[in-house]
Amino acid sequence: MQLTITDTLTKPILKTVFKLDTTLAFSVTKVLVKRFLNSFAFATKLTEDQVDILTVDALDKFSHESLEDMILFFKMARSGRFGATKKGVDSNLIFGEWFPLYLELKSKERESIIELKKQPSKTFGKGMQDVYITYKEAYLRNVEKSKKEYIDRFTANMDRQMLEDTITTWERDKELKKYVPLLKKKRRTVIK
């Protein structure tokens, strides 16, 4: 029930799974085809010969796909993912219209996975720039932390009036003016 197209990409293909026992492949596929056909509520059902022909067509079309692909395809087709059926289902509708749509979905999924695998190698090329940016950001954080720690130590024994006087004095000094916002933040915590 939770089977997805991504899951099918890693499964072995029918041709290799059933290469020694084509009778078993036919039997398994026929069960899947019958279940698929029986899910539709059409008054006219396919004859046994038509079901056999549809089974052979399914084996042929899915020979380079997995058994999980077949199960998922029939589930998606049954639920109307590839379009609605008006009169009935036949090999022409299933493998002429719906199957190419399934293969297109599978192809897009495979391409997106390949692109995801390529992405780490793309970002690896920028390595030194990323390292530089990371170190610069870490350095700036440390500088800000050091400033804050310095202000905390500097104002540790100040009362409110001393802090206000310091703010006023530092606002007039070109070098110290950049630290005034830190002093003003400290103003909120000084109670004395």
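1. Helices α8 and α9. In this predicted model, helix α8 (residues 160–172) packs against helix α9 (residues 180–187) with the axes 10 Å apart and an angle of about 165 degrees between them. Angles over 145 degrees count as roughly antiparallel, and that makes α8 roughly antiparallel to α9. The crossing of these two helices is left-handed.

2. What α8 and α9 bring to their contact. Sorted by class, the contact of α8 with α9 holds six charged residues, five nonpolar ones and one polar one.

3. Helices α3 and α4. Here is another pair to look at on your screen: helix α3 (residues 22–38) and helix α4 (residues 48–61) have axes that come within 9 Å and cross at roughly 115 degrees. The α3 and α4 crossing is right-handed.

4. Who touches whom between α3 and α4. On the α3 side you will find Ala-25, Phe-26, Thr-29, Lys-30, Val-33, Lys-34 and Leu-37; they meet Glu-48, Val-51, Asp-52, Leu-54, Thr-55, Val-56, Ala-58 and Leu-59 of α4. Nine residues in the contact of α3 with α4 are nonpolar, four are charged and two are polar.

5. Helices α3 and α5. Helix α3 also pairs with α5: their axes come within 10 Å and cross at roughly 10 degrees. The angle cut-off for roughly parallel is under 35 degrees, so α3 and α5 are roughly parallel to each other. Val-28, Thr-29, Leu-32, Val-33 and Phe-36 of α3 are in contact with Leu-67, Met-70, Ile-71, Phe-74, Ala-77 and Arg-78 of α5. By class, the contact of α3 with α5 has nine nonpolar residues, with one polar and one charged residue besides.

6. The largest pocket. Do have a look at the largest pocket, which holds about 250 Å³ of space. Its lining consists of Met-1, Gln-2, Leu-3, Leu-32, Arg-35, Phe-36, Ile-71, Phe-74, Lys-75 and Arg-78. Helices α3 and α5 (67–78) each supply at least two of the lining residues, and α5 gives the most, with four. Six residues of this lining are nonpolar, three are charged and one is polar. Several lining residues also belong to the contact of α3 with α5, including Leu-32, Phe-36, Ile-71, Phe-74 and Arg-78.

7. The second largest pocket. This one has a volume of about 160 Å³. Around the second largest pocket sit Leu-37, Phe-40, Phe-42, Thr-44, Lys-45, Leu-46, Lys-87, Gly-88, Val-89 and Asp-90. The lining divides into five nonpolar, three charged and two polar residues.

Definitions and conventions:
Residues numbered from 1 in each chain as written. Predicted model: local features only at pLDDT ≥ 70, side-chain atom pairs only at ≥ 80, totals over all residues. Heavy atoms only, no water. Axes fitted to C-alpha atoms, helices over the stretch in contact; angles between N-to-C directions. Parallel < 35°, antiparallel > 145°, perpendicular 65-115°, else oblique. Left-handed = near helix turned anticlockwise from the far one by under 90°. Nonpolar A, V, L, I, M, F, W, Y, C, P; charged D, E, K, R; others polar. Contact = heavy atoms within 4.5 Å. 1 Å grid on protein atoms, 1.4 Å probe; cavity = no way out; pocket = protein on both sides within 12 Å on 5 of 7 lines; lining within 4 Å. Points joined across faces, edges and corners; volume = space filled by probe spheres on them.
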